[in-house]
Amino acid sequence: MRGEQLEKCLGYGKYIQFFSAKYGMLKNCTLMIICSCILLGLTGCTKVTVKLEDVILYGYEPTNEAEILVENEFLEMHFLPDTAQFYVVEKETGDTWYSNPQDVLEDLIADSVGKQILNSQITLQYSNGAGNTATLNSCGYSVDKGLYTYEKTETGIKVMYTLGNIERTYLIPVSVPESRMSIFLEKMDKSAKRKIDEYYRCYDLSKLRATDNRAELIKKYPDLENERVYVLRDTVQSYLKVQIEDLFASLGYTEADYEQDIARYEKQEKIDKPIFNVTIEYCLDGKDFIVNVPYEEIRYKKEYPITQLRILPYFGAGSTSEEGFLFVPDGSGAIINFNNGKYTQNAYYNSVFGWDSGLSRSAIINDNKAIYPVFGISKNGSSFLCVVENGSSYANIEADVSGRLNGYNFVLAQYAMIHGETMDISAKSDKTVILYENSLPKETITQRYIFCNKPDYTSMAIAYREYLMEQYPMLLKQESNSLPVVVELLGAIDKVQKKFGLPIDLPLALTTYKEAAQIVEELDSFGWEQVSYRYNGWFNGGIKHSVPSKVKLISELGNKKSFNQLVSLIKEKEGELYLNGEFQLMTENSWFDGFSLNSDAARYINRKRIEIYPYSPIWYGERKRSGILYYLARPQYTKELLSSYEEKVNDFGVNGISLGSIGQSLGADYNEKKLVSREQSMGMQVDEMRRMKENENKILITQGNSYAAPYADIIVDLPLRSQQIAILDAEIPFYPIALHGLVTYTGQAINLAEDYQTNLLKSIENGAAPYFIFMKASTEKLQESDYMRYFGTDYSLWKEDANGIYHKWKEDFSTIYDKFITGHEILTKGVTVTTYEDGTRAVVNYNEIPYVYKSHTIAPQDYLVLKGGE
């Protein structure tokens with residue numbers, strides 16, 4: 001063994017000795033065996049089970065193996081024990097993906113800490129009770145210190161890290177009674193004794209200083225009642241401790257002496273430092289590479305909760321000399337080109353499934369969200385896609401280009417871990433106090449890396465489609481080749497009206513049951529086929545309905561007979577009816593409505609009931625005075641509501657259920673007595689949707705979060721655009737490519753889009769179906785209500801235009817909705833072409849000038865359809 005390796009082993013032998021003595025986890029004989037093994041230079045990896053409260057101190061022993069190979073038919077994983085880095089090789093192509101950049105030392109931008117992060121497999125952020133945070137990385141705070149170990153498994157490698165700023169332990173007496181120190185003082189010369197007097201303070205109860213606390217000193221050093229006690233001064237610097245260590249070593253002071261001395265005042269000498277355990281499991285699964293982080297193997301001190309975790313932040317990162325792009329799940333999808341020079345813009349950040357509605361926030365400036373937990377990198381003629389399989393509801397996607405932090409282009413998933421809320425103790429203190437969750441849920445983060453042999457984003461999207469079809473066997477290719485269209489009908493809204501001369505909040509009819517039937521009849525006479533109707537505001541008072549534990553038709557809309565006639569008519573016209581309800585957000589509570597604020601409302605971590613108001617687009621804060629107050633229901637209560645609502649809808653002869661905000665927003669319940677994590681809440685919703693499908697119901701959702709999409713028959717308002725933030729270079733139809741031919745989806749309602757023409761063209765580019773929202777009443781009725789967002793829904797004003805759009809759409813696209821999208825290309829800025837498996841191509845020109853495509857001239861803000869071999 002080389003000298004520096006021996007020194008390192010000895011150093012960590014001291015760590016082991018120190019912590020075992022302090023916490024009584026190992027006996028002397030065990031320690032001697034471990035130290036002997038290290039000194040003998042035995043090969044292999046030793047897991048040192050020394051606990052610091054709940055934390056294990058792992059120790060790494062260098063081996064003779066430069067790397068460890070794990071392989072299957074398709075992949076090779078090469079693990080490098082000395083650095084914990086690895087690389088994965090695709091056998092068919094030879095493409096190699098590194099866990100960390102290989103030329104970090106040559107990076108001229110990153111500082112010393114930045115280079116540690118570049119060489120790390122994880123970074124970890126922790127907090128204290130006041131909300132102050134700090135970040136540790138696995139390179140500088142674990143691997144470089146030798147505080148890790150690994151195991152080879154059947155399908156991969158398991159790496160266990162101890163992360164912390166653990167200082168070197170010096171084999172010197174820290175605090176000992178005079179009788180013990182005298183044994184060594186007798187062996188010292190005068191010069192050495194002077195050093196002891198200088199570096200130690202000798203406490204004597206008869207000669208205490210005015211600043212000394214007698215009671216605390218006796219509590220800390222009980223021997224003071226009988227004799228003086230020598231205590232190493234806090235001001236002694238490290239280089240002086242080395243001199244003292246050499247002095248005592250020359251006097252025969254051993255590790256056993258140190259163990260004896262440090263244990264004497266164990267309670268008083270407890271170390272309170274942030275130390276953490278994180279385990280990563282790397283597995284080969286056929287053609288895919290899987291990374292697991294089991295929560296049950298994460299350990300931390302409760303004084304220092306883990307708040308964020310980043311896993312493989314630089315896997316596959318591209319350097320300044322490479323060409324490629326980062327794929328991020330922004331809207332329908334977006335790409336960030338390598339080295340695009342936008343490092344002065346904000347880095348990319350997006351929350352998977354949006355904000356956790358179980359956590360409070362005081363303002364919304366940009367309520368961004370990713371509706372599917374996927375990101376990827378393309379470079380060197382190949383690409384990979386990373387799907388967050390487990391833990392996706394905690395994930396946030398980050399990406400950045402070279403030039404800001406370092407010379408690399410990277411994208412990663414960062415996970416929210418222990419959540420916290422600010423406590424309101426302003427009456428008692430002006431300090432910020434944050435209450436954190438008691439523990440992590442018993443879950444696992446799983447990232448699946450799917451390698452693609454092609455560098456284009458279409459191939460990446462197709463790989464995601466294949467993944468979804470494999471994961472969800474019920475997700476089958478559609479068989480109908482007619483044009484699907486969705487029409488939402490607005491039933492009733494709540495509005496202050498005069499009754500008996502008094503202003504009362506009452507239902508106001510916008511589209512009665514009979515009027516809805518008239519619209520259905522008229523659209524059928526226009527030749528509209530395969531129409532799916534969503535009826536919103538049809539029961540319990542209107543769009544803002546009361547708790548759906550009971551279902552009551554609205555008398556202002558008609559009676560049960562007229563409602564049943566509507567249901568029968570839609571069936572007769574071979575349409576589908578989806579009855580909309582809300583099952584997560586409950587409005588004003590009243591007696592006997594089946595919803596108890598005390599037992600059925602979810603709670604923040606600080607135990608307050610979760611109350612949600614709309615946010616102002618002008619000043620970004622909550623509209624508590626003028627907005628509608630909603631209470632977030634417990635996930636278990638939502639689950640029960642869904643089951644009850646399904647039965648009541650089926651009793652009307654309807655099997656179409658529109659799920660309100662389910663599939664659009666997702667929240668946890670942090671009530672410590674009934675804790676339901678966000679991931680568990682998602683699982684409960686999925687269970688209900690699966691049960692509904694097994695009962696032969698049809699489901700309609702909004703926006704289409706990926707956990708709900710496989711169970712949906714229709715998704716409305718699917719985001720077809722990106723946020724268009726500065727760092728993005730192009731928006732692409734990644735999610736639509738994955739879903740087309742499997743699930744019917746629409747973009748924003750055509751008659752409510754802020755930019756009507758762009759919305760229409762985006763729907764065509766993305767293969768979306770047309771979607772309209774109508775009401776029979778004039779929009780004047782919406783004045784002085786909370787529903788002005790439906791400003792363009794007057795059916796009488798829109799029916800002719802809508803009919804023209806429908807028939808033009810039907811002529812051009814009726815044959816493509818059961819076809820997969822096989823290609824998408826950005827021909828030039830503002831011009832795209834989408835290709836379907838039957839050869840149909842839709843060329844869209846967003847520009848203000850004509851574009852010529854294969855001798856065809858496309859007018860500004862228009863599109864061209866080429867069928868088959870045209």
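Phenylalanine 583 has a relative accessibility of 0%, so this residue counts as buried, the cut-off being under 20%. The model you are looking at is predicted. Let's follow its aromatic rings, beginning with the partner of phenylalanine 583.

**Phenylalanine 583 and tyrosine 645**
- The ring centres of phenylalanine 583 and tyrosine 645 are 4.8 Å apart, and their planes meet at 70 degrees, so this pair is edge-to-face.
- Phenylalanine 583 belongs to the loop between strand S33 (576-580) and strand S34 (585-586), while tyrosine 645 is part of helix H13 (residues 635-651).
- Because of these two locations, the pair ties together parts that are 62 residues apart in sequence.
- Tyrosine 645 is buried too, as its relative accessible area is 0%.

**Aromatic pairs and a cluster**
- How many aromatic pairs are there? The count comes to 47.
- One of them joins tyrosine 282 and phenylalanine 289, a stacked pair with 6.0 Å from centre to centre and 15 degrees between the planes.
- Are tyrosine 282 and phenylalanine 289 buried or exposed? Both residues are buried.
- Tyr282 and Phe289 also belong to a cluster linked by ring pairs, together with Phe86, Trp97, Phe315, Phe384, Tyr449 and Phe451.

**Charges over a ring**
- Which ring does the charged end of arginine 465 sit over? That ring belongs to phenylalanine 820, and the charged end is 4.1 Å from its centre.
- The charged end of lysine 477 sits over the ring of phenylalanine 820 as well, 4.6 Å from the ring's centre.

Note on methods. Residues are numbered from 1 along each chain as its sequence is written. This is a predicted model: local features need pLDDT of at least 70, side-chain atom pairs count only at pLDDT 80 or more; totals for chains, interfaces and linings use all residues. Side-chain values use heavy atoms; hydrogens and water are left out. Rings of Phe, Tyr and Trp (its six-membered ring) pair if their centres lie within 6.5 Å; planes under 30 degrees apart count as stacked, over 60 as edge-to-face and the rest as tilted. Buried means under 20% relative accessible area, exposed over 50%, partly exposed in between (1.4 Å probe, protein chains only). Helices (H or I, at least four residues) and strands (E, at least two) are DSSP runs, numbered from the N terminus. A charge sits over a ring if NZ of Lys or CZ of Arg is within 6 Å of the ring centre and within 35 degrees of the ring normal.
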